[in-house]
Amino acid sequence: MTDILLKVRHVSVDFPLQKDIVHAVRDVSFDLRRGETLCVVGESGSGKSVTARAVMQLVAEPGRIVAGQVHLAGPDGDTDIVALGNRGAAIRAIRGRRIAMIFQEPMTSLSPVHTIGQQIIEMIRLHEKIDKADARRRAAQLLDRVRIPDPEAALDRYAFEFSGGMRQRAMIAMALSCNPEILIADEPTTALDVTTQAEILALIRGLQQERGMAVLFITHDMGVVAQIADRVLVMYQGRMIEEAGVFDLFAKPREAYTRALLGSVLKLESPGPRPVRPQTEQAVMAISDLCLHFPLGQRARAGGSVKAVDGVSLTINTGETVGIVGESGSGKTTLGRTLLRIYPPTSGQVTYTRDDGSKVDIATLSKTQMKALYGEVRMVFQDPHASLNPRMTIARIIAEPLRINTALSDREIRDRVGQLLERVGMPTDIGDRYPHAFSGGQRQRIAIARAIALRPRLIVADEPTSALDVSLRHQVLDLMRDLQTDYGLSYLFISHDIAVVRYFCDRVAVMKNGRIVEIGDVAQICEHPGHPYTKALIGAVPRPDPTLRPDVQIRVQA
Amino acid sequence: MLRYIVQRLLGMIPAMFAISLLTFVIIQLPPGDFASTYAAQLAETGVTVDDAAMQALRDRYGLGDGLMVQYAKWVGGILRGDFGISFEWNQPVNQLIWQRMGMTALISVMTLLVMWIISLPIGIYSAVFKYSVTDYIASVLGFLGMATPNFLVAIVLLYISSMWFGVSVGGLLSPDYVKAPLSWGKLVDFLSHAWIPVFVLGTSGTAALIRVMRANLLDELHKPYVETARAKGLSETRLILRYPVRVAINPFISTVGWVLPALISGELIVSTVLNLPTAGPLLLQALKSQDMYLAGALILLSGGLVLIGTLVSDVLLALSDPRIRLS
């Protein structure tokens, strides 16, 4: 019996749209061997997810596989999955049974109205003649195997009662329920926190070794690739750029694109150039003992509340960038919004020093009084697709704060919009186009142009680069740094990504459960974290260097 | 779950109170009262009523009291199960309305069920085979159904059935069966009459529900959990019925909230046109003659019917959607 389980040959997938055809995947070929992990890596739009779906005939309408074969090796010779079509009993007998798949969004990949048990048992009984009680027993064993506590009870619970990491575990348990030979994982950890990501990656790795499964792992994260891949397939714009063993790929990438991709990743591995700090620090915002508690619906009468921000004190100096890192639910986003009084704080002070040296306490301002400060303190959001109104032209989007807060004439505003676009590195003649015409990175530049339109003194940036591809991240960060040098801006930079914080920030505060557990100079925190939580957080970040992975380290020691 | 139902039941008390207040305001809104309408009717036949007789009439029915007193008396009576006297029929309201309210409730619930049964499969089909010929046909018929006023459908149906088929379609029972005891024959006869008002009342709602179901399901069809189900190896039909339809049906259940009031108010016009022994025609007549306690009782009970329908749909929704039940 051959070692090669799956032979993908010259597969192309097209999406016929109204006017033209999008060639999502062009002429992709690769082999997948028993027991190995093949990572398909690429930026958004590279066709990596479509490739993975083509293997299972799961390409979404209106896409179709227009050429190529996918041979799945079996005891009776190869089966060409492409020839099976995407509907019949033959392909359905392969899906779930021989090739299983897990997806990116553990929140929405499980049905909200069926229990975890119903969904797993359904899959087992679909492929095997086995009675309900036996299927249930097996489902409980699977949940136990993926380390979900109290598996019997978990079977009768709904997906929304679990955290993201637990849902992804349940999803993995379901995928493994019929002992598949191949597991396809489409960005299974992208939506998870780094510490949860590390657990899930270890789980997949362990299960793979235990069962000799082949894993086709789709990701955009070079760090993840370095940690788990045996071999790597790099894709760009629907084409295969390079295929290599993981050590070779990181040590000596052959193709220019791979080198550029690795370059962008590695650039974020070390601190970027920072503007020189003045000798004497001058605070622009001083936060002192800030609290924000949300009452908890029914439990409120028992005094129950969520302490989203719980006694945070922090100073941001003029021209300084302070990073806030933490996992989801740590209160970092809520903190940022409280500083702009989007949420009213429960207690504490936010002392903002205006340009003329006068001080105001934002915590006690009314929303109307806060409006006067919106020109000086502004916000940049995570998702540039959602933060720009799709029905407004670029010019109107950028002009809006100018129109509301200044008395400039239409002509002056138009000139100013042109200057701003130029400043953020966009062509000046795009003013009458709409946001959908631009890519994520361009949109974030437009959002930044809007934020600096009023020459603010402090920008609260909430994950401004997390929705962007890695090659765009440092470009946006470099732009933000240049603006800082030019205008003497201060940033409060909220991120879950340690690498980005290290590249961009002067100081960093680590948040957990609404509190700052550690604060200090960025190099200090990243290299010599003091608090155990910071250590865990930094230790869990997958480093884009395969020689650092745990199994390799163990081998080296042995 | 039990707690949820009890909470909802308690919540109905202030709602019922608000409805009673509104009802009372509505029946007091027209100028004049039953006495003046009665006098006007007599005047048409040439009889004049002198002021003393009018005053006697008003005293007899308590029409001279202050509004608050009248309201208090009315609500107080209802709490004891006494809806007052119908001036026009000279009978307790209780004797007049229950059978007719029952018919209204029966017709409304039947129509609602028929609407669901018809619109659900068509809506699912339209969403799954979006932009297919059948979807277009369903959409066109749906828009026609929504755009046609139901009294017009009733008149057209009356015309067609009596002119072409020679069948009388008025009423809910053939004359022979009206006084007959319950039997299979009576049930069959009832159904052979009842389909017409159900059809007339249900047309526009069915059309609207098809659109609702189609839109709900279209939102769900591309959710990741559907792809998960497909990756498991489920067949298309089974996975669509089991997953997206199961989720899309929840907003569908809650449509009772707006469908039921529309049915009950539509029923008034349709029953008048088709001459059905339901609450609608009685209410219309009571409003015309300012027979305030009869009208008030009918409006109040229709409101109550809507509240109960909404409660039932909320309970069904909680049963069907664990996200509501458990949070």
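Me: Which strands does helix α10 of chain A lie across, and at what angle does the helix run to β9(A)?

Reply: This is a predicted model. Helix α10(A), residues 256-267, lies across β9 and β10 of chain A and runs at about 100° to β9(A).

Me: How are β9(A) and β10(A) joined?

Reply: Strands of a sheet pair through backbone hydrogen bonds, in either a parallel or an antiparallel sense. In this case six bridges join β9(A), residues 231-236, to β10(A), and the two run antiparallel. One residue pair to look at is Val232(A), whose bridge partner in β10(A) is Ala244(A).

Me: What is the order of the strands in the six-stranded sheet of chain A?

Reply: The order is β6-β7-β8-β3-β9-β10, in an open sheet with mixed pairing. At the edges are β6 (99-102) and β10 (239-245) of chain A, each of which pairs on one side only. From one strand to the next the twist averages 15°.

Me: Which strands of this sheet does helix α1 of chain A touch?

Reply: Helix α1(A), residues 48-55, packs on the sheet and touches β3 (37-41), β6, β7 (182-186), β8 (214-219) and β9 of chain A. Its direction makes about 150° with that of β8(A).

Me: What order do the strands take in the four-stranded sheet of chain A?

Reply: That open sheet reads β12-β11-β14-β15, and its pairing is antiparallel. Its edge strands are β12 (305-317) and β15 (359-361) of chain A, each pairing on one side only. The twist there averages 20° from one strand to the next.

Me: How many bridges pair β11(A) with β14(A), and which helix packs on that sheet?

Reply: Strand β11(A), residues 283-295, and strand β14(A), residues 347-353, pair over five bridges in the antiparallel sense. Within that pairing, Ile287(A) stands opposite Val350(A) of β14(A). Helix α11(A), residues 332-339, packs on this sheet, with β11, β12 and β14 of chain A in contact with the helix. The direction of α11(A) makes about 115° with that of β11(A).

Me: Where does chain A have a hairpin with two residues between its strands?

Reply: The hairpin is formed by β19(A) and β20(A), and Asn513(A) in its turn has a positive phi of about 50°. Six bridges pair β19(A), residues 507-512, with β20(A), residues 515-521, in the antiparallel sense. Met511(A) stands opposite Ile516(A) in β20(A).

Me: Now the interface. How many residues does each chain bring to the contact, and how much area is buried?

Reply: Chain A brings 30 residues and chain B brings 24 residues. Between them the chains bury about 2,300 Å², of which 61% is on carbon and sulfur atoms. On the chain B side, Glu227(B), Ala231(B) and Lys232(B) lose the most area to chain A, together 25% of what that side buries.

Me: Which polar interactions does the interface hold?

Reply: There are four salt bridges between chain B and chain A, and ten residue pairs are in polar contact across the interface. One of the salt bridges joins the side chains of Glu236(B) and Arg87(A), at 4.0 Å from N to O.

Me: Which helices of chain B supply the residues that touch chain A?

Reply: At least two residues each come from α9 (224-232), α10 (236-242), α11 (244-253) and α15 (322-326) of chain B. The largest share, seven residues, comes from α9(B). By class, this side of chain B has eleven charged, eight nonpolar and five polar residues.

Methods: Residues numbered from 1 in each chain as written. Chains lettered and ligands numbered in written order. Predicted model: local features only at pLDDT ≥ 70, side-chain atom pairs only at ≥ 80, totals over all residues. Heavy atoms only, no water. Contact = heavy atoms within 4.5 Å. Buried area = accessible area lost by both parts, 1.4 Å probe. Polar contact = N/O pair within 3.5 Å; in protein donor to acceptor, adjacent residues only side chain to side chain. Nonpolar A, V, L, I, M, F, W, Y, C, P; charged D, E, K, R; others polar. Pairing = 2+ DSSP bridges. Axes fitted to C-alpha atoms, helices over the stretch in contact; angles between N-to-C directions.
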